[in-house]
Amino acid sequence: MPAPTPNDLLTLLGTGLALAGQDGRIQWINPALGEALDVGPRSAVGQDIDALMRGAGLAAHLDRVRAEHRGFHLRAVTLGLARGRELLADLLLQPLDDGRVMVEVHPLATDLHAGTTPLSATLRGFAHEVKNPLAGLRGAAQLLQRRVRDDDLRGLAAMVIAEADRLAALADGLLRHGGSARIAPVNVHELLERLEQLLLAEPDPLQLRHDYDPSLPDTRGDGDRLLQVLLNLARNAREAGASSLVLRTRVEHGARLGERTVRAALRVDVVDDGRGVADALRDALFQPLVSGRPDGSGLGLALSREIALEHGGDLRYVSRPGETVFSLYLPMERAHE
């Protein structure tokens with residue numbers, strides 16, 4: 001049996017790939033991208049890239065890639081597809097020596113109107129596996145709560161029960177069709193108080209400082225899912241060697257969220273003093289199964305960004321050794337809808 005050629009391997013990849021010529025027309029796409037775009041790979045050949053993936057102005061980006069001969073990463077781009085469908089995706093554009101450009105498409109949501117994502121589909125399998133251990137954990141905590149007399153221990157047992165219930169609700173959300181969020185009024189400072197309680201209950205807790213804007217109004221969202229985002233960020237900071245966290249809230253005016261600009265967004269910053277994000281992970285940090293730790297699952301940040309996008313917001317970061325800031329953005333318009 002002959003060894004597979006490089007083209008064979010690209011065809012087999014699960015990552016969506018397209019090759020665009022100097023004229024901006026598609027010369028080749030692999031089956032993974034054809035499935036994501038709902039187009040046959042053969043019928044895509046010869047099409048203008050802006051006609052195949054509308055709304056992102058990709059032809060102009062390709063010109064810039066060729067002119068500067070360096071790669072560009074476009075985050076949370078909305079692509080218009082056939083039959084009125086849309087695809088939310090991260091794109092990586094890489095120049096080739098002959099003037100062509102390789103386009104990588106990493107879907108974040110296969111249908112913006114349905115709200116389902118590839119990551120949620122993957123995590124539904126995990127959700128099935130965790131429900132039984134969670135039930136056992138909750139039952140054991142209930143027994144402890146009834147048998148111990150120390151008020152502090154009873155309080156810790158109650159916290160375990162509440163967290164088991166929250167995780168069970170998250171698992172149920174992933175198992176429901178579409179995994180849709182349960183939208184209700186949310187006070188972000190109350191969420192941060194819950195986060196602080198959880199972090200202070202852990203062994204050798206991080207030092208916590210607040211820098212809140214007390215004038216922030218309530219927003220609308222799924223409080224449990226948003227708390228999961230903040231908890232993931234705090235625990236990632238701990239794993240990165242942080243000794244302290246600053247929890248900061250602000251209003252950001254004219255915030256750019258994906259392809260739209262909102263009048264105002266609520267921003268929650270989680271600032272840590274850890275090692276920072278490794279250079280090798282920066283471009284793929286929010287992709288599933290990407291982790292900087294040998295024992296990491298690579299799901300925490302991917303799920304966190306999915307939750308942010310599900311709320312119409314975003315999750316971003318800036319990092320250098322000694323200071324990493326992860327920022328959760330939530331559009332404030334939702335609070336008035």
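**Close-up views of a predicted model**

**View 1. Leu 230 and its contacts.** Leu 230 touches Leu 192, Leu 195, Val 268, Val 270 and Leu 328, leaving aside residues up to four places away in sequence. The model shown here and in the other views is predicted.

**View 2. The largest nonpolar core.** This core holds 37 residues. Seven of its members touch the most others: Leu 195, Leu 199, Leu 230, Leu 233, Leu 245, Val 268 and Leu 328. At least two core residues come from each of these elements: helix H8 (188–200), H9, strand E9 (244–257), strand E10 (260–272), H10, strand E11 (314–320) and strand E12 (323–331). H9 gives the largest share, eight residues.

**View 3. The crossing of helices H9 and H10.** H9 spans residues 223–239, and H10 spans residues 300–310. Their axes come within 9 Å. The crossing angle is roughly 145°. In hand, the crossing is left-handed.

**View 4. Residues in the contact of H9 with H10.** On the H9 side are Arg 225, Leu 226, Val 229, Asn 232, Leu 233 and Asn 236. They meet Gly 300, Leu 301, Ser 304, Ile 307 and Glu 310 of H10. By class, the contact residues are five nonpolar, four polar and two charged. Leu 233 of this contact is also listed among the core members that touch the most others.

**View 5. Ala 264 in strand E10.** Strand E10 contains Ala 264. Is Ala 264 buried or exposed? Its relative accessible area is 14%. The cut-off for buried is under 20%, so Ala 264 counts as buried. Gly 254 and Ala 264 are ten residues apart in sequence. In space, their C-alpha atoms are 5.6 Å apart.

**View 6. The whole protein chain, for context.** The chain has 337 residues, and 43% of them count as buried. Its secondary structure comes to ten helices and twelve strands. Take the contacts between residues at least 6 apart in sequence: 60% of them join residues at least 24 apart. The chain exposes about 17,300 Å². Carbon and sulfur atoms supply 52% of that area.

Note on methods
Residues numbered from 1 in each chain as written. Predicted model: local features only at pLDDT ≥ 70, side-chain atom pairs only at ≥ 80, totals over all residues. Heavy atoms only, no water. Axes fitted to C-alpha atoms, helices over the stretch in contact; angles between N-to-C directions. Helix = DSSP H or I, 4+ residues; strand = E, 2+ residues; numbered from the N terminus. Left-handed = near helix turned anticlockwise from the far one by under 90°. Contact = heavy atoms within 4.5 Å. Nonpolar A, V, L, I, M, F, W, Y, C, P; charged D, E, K, R; others polar. Buried < 20%, exposed > 50% of the residue type's maximum accessible area, 1.4 Å probe, protein only. Areas by Shrake-Rupley, 256 points an atom, 1.4 Å probe, with all protein chains shown as cover. Core = buried A, V, L, I, M, F, W, Y, C linked by side-chain atoms within 4.5 Å.
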